[in-house]
Amino acid sequence: MRTAHDVETVRAAEAELMARLPEGTLMQRAAAGLAAACCSLLGRGRVYGARVVLLVGSGDNGGDALYAGARLARRGAGVTAVLLGARAHGAGLAALRAAGGRVTEDPYEALAAADLVLDGVTGIGGRGGLRPEAVPVARAARGSDAVVVAVDLPSGVDADTGEVTGEALRADATVTFGTYKPGLLVDPAREYAGALRLVDIGLAATLPSVPALEALQHEDVARLLPVPGAESDKYRRGVLGVVAGSARYPGAAVLAVAGALRGGAGAVRYVGPAREAVIAAHPETLVHSGPPDKAGRVQAWVVGPGLGDGPGSEAAVAEVLASDVPVLVDADGLRALDPDALRERAAPTLLTPHAGEAAALLGTDRAAVEAGRLAAVRALAGRYGATVLLKGSTTLVCGPGGTGPVRVNPTGTPWLATAGSGDVLSGLAGSLLAGGLDPVEAASCAAYLHGLAARRAAGGTGPVTATEVADALRAAWRDVREP
């Protein structure tokens, strides 16, 4: 599992570790890992004679760049530093010069010929985008033919939130130290980070066991997914109830049921007006005309996809929420939620809004949610007392109350931006709820499998349909089980 820690936690852990080590040890470890990554990016045999430009700010981030530049210079690279801060790290600058590196007053000439640029302008304490004097240099770096490598994180992004409130320098790769920072895993900042590489500087022993963010990997999902045993029957595997679809949107019901069946549910009970379409597509589905509490035994409910906004949909949502089993609420089911009523439920609730729906639930606008995804998912989980899966370019999962680690999904792909893919995700997550996973586990595993399935269906080139995503879920399970 990848974990990320906020700036305050990282600084406290670094201070504790530095107190045990000779002065400068941590920076040298970071610089060694950074230089090794740069050698790898330049390619075997290409370090000697390579032209490397360091963009150096005032803080320790600039010191990391200077020491790494000194190591590259000793291997035969031509290294030029551009000093953009009020001061430079003195010992790092001396090391660069001793190794044959130089400082230039003309950054644009150096950047025009560069093979690799190290972005050491601002570190984890940077806020509000690049300073005005650094903007033209950053633009020249990005406009060059050089590979841009961010030192710890791209300059101009917020390390804690992933927000980009001003201009930032987009990197081809980011070499980060000790632990991932939340902004490296959450959009919009994630898009500026490029390929990620973590350098171990010995920080693990002083970091707390509970991170700010977690990102599941194959082995984590494989461990969590329910597997039937020899004595399993459909009830032990989990029966999911699905209240979805309408005369206008029958396909939403079909897709939600598809996600549930391919998500491992022992059986799916469908309640709604799209019964004929559901049975035609999935004859194994158990259908009922309603109301939900008359449909039969279930271990969890999914309500909302394609319900429309009529009075009947509000009644269906209210009836499902009155049950004593876990409930996933999506799409049209999110329109009339009462925060107080949700907080009073004895059984867990999982909400799965996209950014527009999240904005409506929070009384803000979509742009604010997309700019501050971490803040939005935590606010929703706190306000509604529910687990929240916030869909989007970075899918986030936060447990009730808005505290504890937020799960970030690493398998998302832009090809999922297609009609009906959210309905498939709802059915998939609902099946995992019915199978006994808690809402955070169900949501994060479902998002992971959903992303893998979309990548499978797209074949790297896309486009895909929601039906194709649902069909690829079997392969996604196999990918996780047999990596």
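I take strands as DSSP runs of E with at least two residues and helices as runs of H or I with at least four, numbered from the N terminus. Two strands pair if DSSP finds at least two bridges between them.

**Ground rules.** I am working on a predicted model, where local features need pLDDT of at least 70 and side-chain atom pairs 80 or more, while totals for chains, interfaces and linings use all residues. Residues count from 1 along each chain as its sequence is written, and side-chain values use heavy atoms, without hydrogens and water.

**The sheet.** I looked up the strand order and found an open sheet of 7 strands, S4-S3-S2-S5-S6-S7-S8, with parallel pairing. S4 (102-103) and S8 (195-199) are at the edges with a single partner strand each, so one side of each has no neighbour in the sheet. I then followed S2 (residues 51-56) and S3 (residues 78-83), which pair in the parallel sense over 6 bridges. Here Val56 stands opposite Leu83.

**The cores.** Which residues have the most contacts inside the largest nonpolar core? A core is a set of buried (under 20% relative accessible area, 1.4 Å probe, protein chains only) Ala, Val, Leu, Ile, Met, Phe, Trp, Tyr and Cys residues joined through side-chain atoms within 4.5 Å. I found 55 residues in the largest one, and the most contacts belong to Leu225, Val242, Leu432, Cys445, Leu449 and Val480. Helix H19 (residues 439-458) gives the most to this core, with 11 residues. I also noted a second, separate core of 52 residues, with Val47, Leu93, Leu96 and Ala159 among them.

Notes:
Buried < 20%, exposed > 50% of the residue type's maximum accessible area, 1.4 Å probe, protein only.
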